[in-house]
Amino acid sequence: MTESASVVAGLGTVIGIWAHPDDEAYLSGGLMGLARDHGSRVVCVTATRGELGTPDPATWPPQRLAAERTVELARCLELLGVSEHHWLGYRDGGCADIPASEAVDRLCDLIDDVGPDTVLTFGPDGITGHPDHQAVSAWVTAAFARSAPPRARLLHSTVPARHVSRWRDLDDSLGVYLPGYPVATPDERLAVDLVLPPEVAARKVAALAAQTTQTGGLLAAMGVDRYTAWVSDESFVEHHRQAPIAERPGVQITRA
């Protein structure tokens, strides 16, 4: 069932942990803006500066693109009202090569510091199938299990089945997903399912437009109205933290 955007008020302090600049806005820009409107604390974490995110590396060599995307993300978050941001400083395309224990330890420190009520990240599929997305999802899920407050929620971003059926041709033409993706989620499995009100969707699009190296061409090709419709859903499934083995029903620990 599609929920009103007012559900965001109940998410409390939110930390979103993503792989590249623009992941946060595409997957949770409306949610972040609404949370800030409700007075909630919102913290954003980005693993890489997205220095490989261009089809034109001659114009945008990695160092230049990283610097530009750093500025773009700051503008984007300002439009959403988010003032707390952390870079992890990993190499774009290299997250899967980072020792998981290192990344998880760093995220545990951030989660300990923030004390979130809600943690946002990719699902295990990584939405598009990107290895960086999948690595970040695994890090966050492990860090959440270790360090999140007991009543905190971990929400994995997902693509609802209705979105896939409506936008499949466009997504295929743009090459949004790697082969075999997205993994569509039925509506009944969605824990948070936002269809953004027009004013919230417009602010999200403005925030995305601030990341011009990534969105300028799309906005010009699609037009604002179609692009807005394309990005106006934000959906999440609940990840249920496993109890420690001694607390699981039917499990007995025998001590020597």
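A residue counts as buried when its relative accessible area is under 20%, and as exposed when that area is over 50%. The exercises below apply this to a predicted model.

**Exercise 1. Classify tryptophan 139 and tyrosine 90 as buried or exposed, and describe the geometry of their pair.**

Step 1. Tryptophan 139 has a relative accessibility of 4%, so this residue counts as buried. Tyrosine 90, at 8%, is likewise buried.

Step 2. A pair of aromatic rings is described by the distance of the centres and the angle of the planes. A search of the whole structure gives five aromatic pairs. In the pair of tyrosine 90 and tryptophan 139, the centres are 5.4 Å apart and the planes make an angle of 65°. Planes over 60 degrees apart count as edge-to-face, and this pair is accordingly edge-to-face.

Step 3. Tyrosine 90 belongs to strand β3 (residues 84–90) and tryptophan 139 to helix α5, so the pair ties together parts that are 49 residues apart in sequence.

**Exercise 2. Identify the residues with the most contacts inside the largest nonpolar core, and follow the contacts of tyrosine 227.**

Step 1. In soluble globular proteins, nonpolar side chains tend to be buried together. The largest nonpolar core in this model has 69 residues, and those with the most contacts inside it are Leu107, Val136, Trp139 and Tyr227.

Step 2. Helix α3 (residues 100–114) supplies the largest share of this core, with seven residues.

Step 3. Leaving aside residues up to four places away in sequence, tyrosine 227 touches Tyr26, Val205, Leu208, Thr215, Leu218, Leu219 and Met222. Tyr227 also forms one aromatic cluster with Tyr26 and Trp230.

**Exercise 3. Locate the arginine residues that lie over tryptophan rings.**

Step 1. Arginine 49 is placed over the face of tryptophan 87, 4.2 Å from the ring centre.

Step 2. The charged end of arginine 64 sits over the ring of tryptophan 60, at 4.1 Å from its centre.

**Exercise 4. Describe the surroundings and the pairing of strand β2.**

Step 1. Strand β2 (residues 42–48) has seven of its seven residues buried, so the strand is largely enclosed by the rest of the structure.

Step 2. Strand β1 (residues 14–18) pairs with β2 in the parallel sense, over five bridges. Valine 14 stands opposite valine 42 in β2.

**Exercise 5. Decide whether threonine 141 and alanine 221 are buried or exposed, and place each in its helix.**

Step 1. Threonine 141 is in helix α5 (residues 131–147). Its relative accessibility of 18% is under the cut-off of 20%, so threonine 141 counts as buried.

Step 2. Beyond residues up to four places away in sequence, threonine 141 touches Leu154, His156 and His239.

Step 3. Alanine 221 is part of helix α8 (residues 212–222) and is exposed, at 68% relative accessible area.

Key: Residues numbered from 1 in each chain as written. Predicted model: local features only at pLDDT ≥ 70, side-chain atom pairs only at ≥ 80, totals over all residues. Heavy atoms only, no water. Helix = DSSP H or I, 4+ residues; strand = E, 2+ residues; numbered from the N terminus. Buried < 20%, exposed > 50% of the residue type's maximum accessible area, 1.4 Å probe, protein only. Contact = heavy atoms within 4.5 Å. Phe/Tyr/Trp six-rings, centres within 6.5 Å; stacked < 30°, edge-to-face > 60°. Lys NZ or Arg CZ within 6 Å of the ring centre and 35° of its normal. Core = buried A, V, L, I, M, F, W, Y, C linked by side-chain atoms within 4.5 Å. Pairing = 2+ DSSP bridges.
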